[in-house]
Amino acid sequence: MSRRITWEDASCPIARAADVLGEPWTLLILRNATAGTTRFEDFRAQLGIADNVLTTRLGKLVDRGLLTKLPYRDGGRTRHEYRLTQAGSDALPVLHALGAWGDAHTGAKSAYGPMNLVHTRCGQLTRPGAKCDSCGKPLVRADLAWRGSWLGEDEIPLADPVA
């Protein structure tokens, strides 16, 4: 199989972003990391992704600065968690845009409705932006959660990036 073209030095910012985010599984890994998934085995179970593919994608996300790898002890063994960096956290508007586009233009529908953004301070649905559509207060990541779609009925707070 031939190697794909790299756009990491392209003058177009869309091409550079596609170079980082455009591989299969990458956006789903970022989605799950944004929803708080941190451990390899949890990514694998939630996504149904092969170990070798997950290892490669997580490594690339760490190399490109969207995730960071932090050690933890599991019994007598050292393992790693994968946490969002600020760059990974900053991909949130991309995830929201893709979720809205997918809800509007693809055939599969969730029994739980579209993927919604909830402002947890007032408990109401809102759209991505500077202020809550319902209460008008500023939207801060710590006060946001996802609900619906692949998440089911649960409200999932957005993970904070590591400093």
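## Briefing: helices, hairpins and charged pairs

Just after helix H4, Gly-65 takes a positive phi of about 85°. You are looking at a predicted model, in which local features need pLDDT of at least 70, side-chain atom pairs count only at pLDDT 80 or more, and totals for chains, interfaces and linings use all residues. Residues are numbered from 1 along each chain as its sequence is written, and side-chain values use heavy atoms, with hydrogens and water left out.

- H4 covers residues 51–63, which is 13 residues, and reaches 18 Å from its first C-alpha to its last. That is close to the 18 Å expected at 1.5 Å a residue, where the expected span is 1.5 Å times one less than the number of residues.
- The buried residues of H4 are Leu-54, Arg-57, Leu-58 and Leu-61. They lie on the same side of H4, because they cover an arc of only 100° around the axis. The arc is that of the directions from the helix axis to the C-beta atoms.
- Here, buried means under 20% relative accessible area, exposed means over 50%, and partly exposed is in between (1.4 Å probe, protein chains only).
- On the face of H4 turned away from the buried side, you can find the exposed residues Asn-52 and Asp-63.
- What covers the buried residues of H4 includes H2, helix H3 (40–47), strand E1 (67–74) and strand E2 (77–84).

- Arg-31 sits in helix H2, which spans residues 26–34.
- Arg-31 is buried yet has no salt bridge. A salt bridge is a side-chain nitrogen of Lys or Arg within 4 Å of a carboxyl oxygen of Asp or Glu.
- The nearest side chain of opposite charge to Arg-31 is Asp-103, 10 Å away. For charge, Lys and Arg count as positive and Asp and Glu as negative, while His and the chain ends are not counted.
- Leaving aside neighbours within four places in sequence, Arg-31 is in contact (heavy atoms within 4.5 Å) with Leu-47, Leu-95, Trp-146 and Trp-150.

**Strands and hairpins**

- Two strands pair if DSSP finds at least two bridges between them.
- E1 and E2 pair in the antiparallel sense over 8 bridges, and Asp-74 has Arg-77 in E2 as its bridge partner. These two strands form a hairpin with 2 residues between them, and Gly-75 in the turn has a positive phi of about 70°.
- Strand E4 (residues 124–126) pairs with E3 in the antiparallel sense over 3 bridges. The bridge partner of Leu-117 in E4 is Thr-126. In this hairpin, 4 residues lie between the strands, and Gly-123 takes a positive phi near 80°.
- Strand E3 (residues 116–119) is also joined to strand E5 (residues 144–147) by 4 bridges, and the two run antiparallel. Look for His-119, which stands opposite Leu-144 in E5.
- E5 in turn pairs with strand E6 (residues 155–157), again antiparallel, over 3 bridges. In E6, Glu-155 is the bridge partner of Arg-147.

**Salt bridges**

- The structure holds 12 salt bridges.
- Glu-155 and Arg-147 form a salt bridge, with the closest N and O atoms 2.9 Å apart. Glu-155 counts as partly exposed at 36% relative accessibility, and Arg-147 is partly exposed too, with a relative accessible area of 26%.
- Asp-51 forms a salt bridge with Arg-44, where the closest N and O atoms are 3.1 Å apart. Asp-51 is partly exposed at 38% relative accessible area, and Arg-44 is partly exposed at 34%.
- Asp-133 forms a salt bridge with Arg-127, and their closest N and O atoms are 2.9 Å apart. Asp-133 is partly exposed, with a relative accessible area of 39%, whereas Arg-127 is exposed at 57%.
- Glu-8, Asp-19 and Arg-64 are linked in a network of salt bridges.
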